[in-house]
Amino acid sequence: MSRQENSDRLGVLKTYKLYIDGKFPRTESGRYFKLKAADGKILANVCQGSRKDVRDAVTAARTAFAKWSRQTAYLRGQILYRVAEMLEGRRLQFTEELVEQGVTRDKAIAEVSESIDTLVYYAGWSDKYPQIFSAVNPVASSHFNFSMPEPTGVVCVLAPELPSLLGLVRAIAPVIIGGNTAVVLVSSKQPLSGITFGEVLHTSDLPSGVVNLVSGFRDELIKTMASHMDVNAILLCAEKDRVGDSVVVQEQAIENLKRVSVWKDIEANPYRIMEFQEIKTTWHPVGA
Amino acid sequence: MALKKKKTLSGGSVLKVKASVAPLNFGTQWQYVEALEGSDHVKIEPKYGLFIDGKFVEPHSKKYFDTINPANEKVLSKIAEADAHDVNLAVEAARRSYDNVWSKMSGKERGKYLFRIARIMQERARELAVVETLDGGKPIRESKSVDIPLAAAHFFYYAGWADKLEYAFSGRSPRPLGVAAQVIPWNFPLLMAAWKIAPALATGNTVVLKPAETTPLTALKLAEIFQEADLPPGVVNIITGFGATGAELVSHKGVNKVAFTGSTEVGKKINRAILGTDKRITLELGGKSAHLIFEDASIDQAVEGIVNGIFFNQGHVCCAGSRLLVQESVEKIVLRKLFDRMQTLAVGDPMDKNTDIGAINSHEQMKKIEGYIASGKTEGAKLFQTSCRLPSKGFWAKPTVLSEVAQSFRVVQEEIFGPVLTVQSFRTVEEGIEKANNTPYGLAGGVWTDKGSKIFSVSSHLRAGVVWANTYNKFDPTSPFGGYKESGMGREGGISGLLPYVQF
Amino acid sequence: MPRYQFREGVWPTMSLQKIDYSQFRRSPTIDLVGVEERVAKFNSRSIKKESKMFALKLAMSLCDLTTLDAKDTPGKVKQLCAKAMRPHEDLPEVPHVAAVCVYPNMVKIAKKALEGSKINVAAVATGFPSGMTSLKFRLDETRWAVSEGADEIDMVISRGKFLAGEWQTVFDEIVAVKEACGKAHLKVIFETGELSSLDQVRFISDLAMDAGADFIKTSTGKVQPAATLPVTLVMLEAIRDFYYRTGKKIGMKPAGGIATAKIAIQYLVMLKETLGEDWMNPHLYRFGASALANDLLRQIVKEKTGRYQSFDYFSKD
């Protein structure tokens, strides 16, 4: 295995586990898959997350939603900014991990930087998107009427295969900054960045269960995620070689009318926050 | 004797019911004689074709079906039934006008057409109200004061957006989607047509609309108004028929956008029908909305809110406050007042200006409502119905309250879509919210309390798209409407109502 | 302390609810917009033909025909009484009014003029219309009006004290006036135009009924706004709650500003649909009005003849 740069010393290898409910469990299934470097060296035994792991993650996300969705926008912004700080502090580790997984050094450096900047970008939106997308509606009666976004609920995220770190951050930041909680299937091609990102989240004051990271395979888990009745929305980051995914997701989502987002790119903008928001309109009479 | 003034607090509310007190007497001494709305000025053609490409045309199948007045079962007119061939013609007409005319027209000009339509609707408001009431069974009072003015207001509101769309989407340039297929229900026929057509046209889309088979007439009147307004042919096409026609329409490959209002069941079917396509979809579906009355509410206004919530439009309202949740400390007085209030509801001829509750829209719906009432009784609910007399012809349902129900009862879980209210009590704020949210639906909710901070807390905890606080069943074109969870996706009305009809 | 002395003198004969209003308010709050919406619904009732005729005659029978001017003379009061007994010479089917309402010094004249009829004489008392005088004067005036023959006393509450939060005082004063009335019926005027909100209207209604009012009444007619439909609805709802709670039926008198038959019918629709038909009689409902009677007559004649009428054909008394 890798990381034996210094021949005098035997390296300590990391076990890559799932991140569910603020803990790092192994998959309950006990299964793993080998992640190999370009030169064929085995990088890690990665947990092959199961349907049960997804279900546990949804339970954790549902529990976390009650509090996270009611935190102040300011606090959510602070926490996401804290995530950026933590990632900044570990940029070397993430860069190395990307390089190990086959990304060129220059690209890896750029990807980590962009990931950090994305977190800062969305952290800044936390108390602004509600202002941009809310309205006081001038109704023609003696009522005060306003509409504002509220988080949709538990969101399943099928993160992009590549870029594995930036894609993950671009997918989950708009989901959680809006007060949703997430159950994420990380890249299976480069799973290490996603799993290590859990460590960043864990040390960033993000409450347990707000983001749950599962490694594994889409073929096995996509249906479970899309059909789970306690999941309110699903974000599918489309892969060019998996054209059938969106139909599977859409079909499975019908039963409880999940909101379905299919992304063909990972552009960052506030409309992506709004894909996981519901507009609530409140009326109240005006009279003394 | 020397009587000392007692300084004790008498405690509690003045809202108490002494068991021995007789109900109020809403007797027969003074009865309002029938005050029928005139209908002489209203012309309903004996037969209506399909409105395609600006003209009324014969359906391909040459088949027509009857539309009847549900208050007396008399046939009002014969309505064309569109088949796949007609659907294709309509979609093609919409596509041509989209490509050649409507998408090329400036927003300013599009807006002026919409303003013109709104104005003609206002001019013909009384006629539209009469036709709406004859065809659908709703009280003329509601057609005149709610349905028609709101429908016109919707066109007026979105007319103004047509040339201002760039201000609605900061940092984005909106473009239309193309041809919108819109399928609407029978409970607010013209209003739903307006909700669908006005934002679609304002954003530059063209439309094929299918009204419900029991209430097609005002949509066809609207087609006449489009002609009168010189709206370019094909911009809006109106095709009539049953579910099969609607299914053809939404699955037609020339359609870019599907908008549906109706039951959750059909909404899911439509979702399935468009699987694997790029069609965008908005759904406005069913509900089982909770209406929470706290002990510190303005009780008399709350009772009126309950009445508006469930008996407005015979309860044929997707956002009807059909689940009453009352804090136990005021349950007795609220029910006493509600029952007394219900006795004053006039049920009968929808054309009578004094009618509060009109006809049930169809025989089928009446049977469904009766089935639910029977089911509620079987499950152990306590039944209250007013002592009103129902006409012998037509479809009717008495205003009904099912109390002493449990969350598990079918009548508590399923949408009845009729004048049937269930009543449950709760004790704490948390319990009230929990019961309110304990449903797959999430369309609306009501909360009555005099305490401001409680209103904000409860309304933000309700998982529903519309919350009426200290009021109920209010609608406005500027106010977004739509559901959480299985009550739908997307919003109609307000600035949010533009989004479903644009791409960037 | 005078108040204490007074109470000692009066209370022994009273049967009272022991409610201490100085401590807390216990009336429900009122939502203004909700009340206005409800009123709009009443107003959309279409009352035609026989039901209109019924309402017009009923309204006439509920009138407290009123003259409350400093320039009132015996002659004026006598004329009013003649009108009260027979509103229109050619319409014998039109019922007489419920009462004639005058200042205390006109009671005797009115009583004499109405002799033999079933029409009551109501006297405004207690320092009407402001009530800004000592309780002793107000009670003396009440007793005097009753001794002159008044069947009904229309008292005013101390609005200043009510607004200052001296609710117990207001309560005690109503109790005292009620005692001074003896057999005469007591109507308690709130002057709702000075009370600022419907919450206050509701609260004073509850307070007055608990203190023993036979009727609650909106206004003196000297302050604008006088009776309004929203205020009246709130008072009717308070009466309804009092009935639910005690089984007792308290009367309602909107007064001032009800000048047309159309408005009077709106009030009656509200009455019918809020309290029901048990209240649709002079024992439990009155209109305090002066111009209303003629408009009712005009409408009655119009309904009979089909011709729209001119006031030239109706006596102004």
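Select A:Val136 first. At 57% relative accessibility, A:Val136 counts as exposed (exposed is over 50% relative accessible area, buried under 20%, partly exposed in between, with a 1.4 Å probe and protein chains only). A:Val136 sits in strand β3 of chain A, residues 135–136 (strands are DSSP runs of E, at least two residues; helices are runs of H or I, at least four; both are numbered from the N terminus).

This is a predicted model: local features need pLDDT of at least 70, side-chain atom pairs count only at pLDDT 80 or more, and totals for chains, interfaces and linings use all residues. Residues are numbered from 1 along each chain as its sequence is written, chains are lettered from A and ligands numbered from 1 in the order in which they are written, and side-chain values use heavy atoms, leaving out hydrogens and water.

With A:Val136 they form a nonpolar surface patch of about 290 Å² accessible area together.

Now show chains B and C. Here 52 residues of chain B are in contact with 53 of chain C (heavy atoms within 4.5 Å). About 4,800 Å² is buried between them, 53% of it from carbon and sulfur atoms (accessible area, 1.4 Å probe, lost on being put together, summed over both parts).

Seven salt bridges are counted between chain B and chain C (a side-chain nitrogen of Lys or Arg within 4 Å of a carboxyl oxygen of Asp or Glu). Pick C:Lys41 and B:Glu304: their side chains meet in a salt bridge, 4.0 Å from N to O.

Next, colour α9 (299–311) and α10 (328–342) of chain B. These are the elements giving two or more residues to the side of chain B that touches chain C. The largest share, five residues, comes from α10(B).

Notes
Patch = residues over 30% accessible without salt bridge, like charges linked within 9 Å, V, L, I, M, F, W, Y side chains within 5 Å. Areas by Shrake-Rupley, 256 points an atom, 1.4 Å probe, with all protein chains shown as cover. Buried area = accessible area lost by both parts, 1.4 Å probe.
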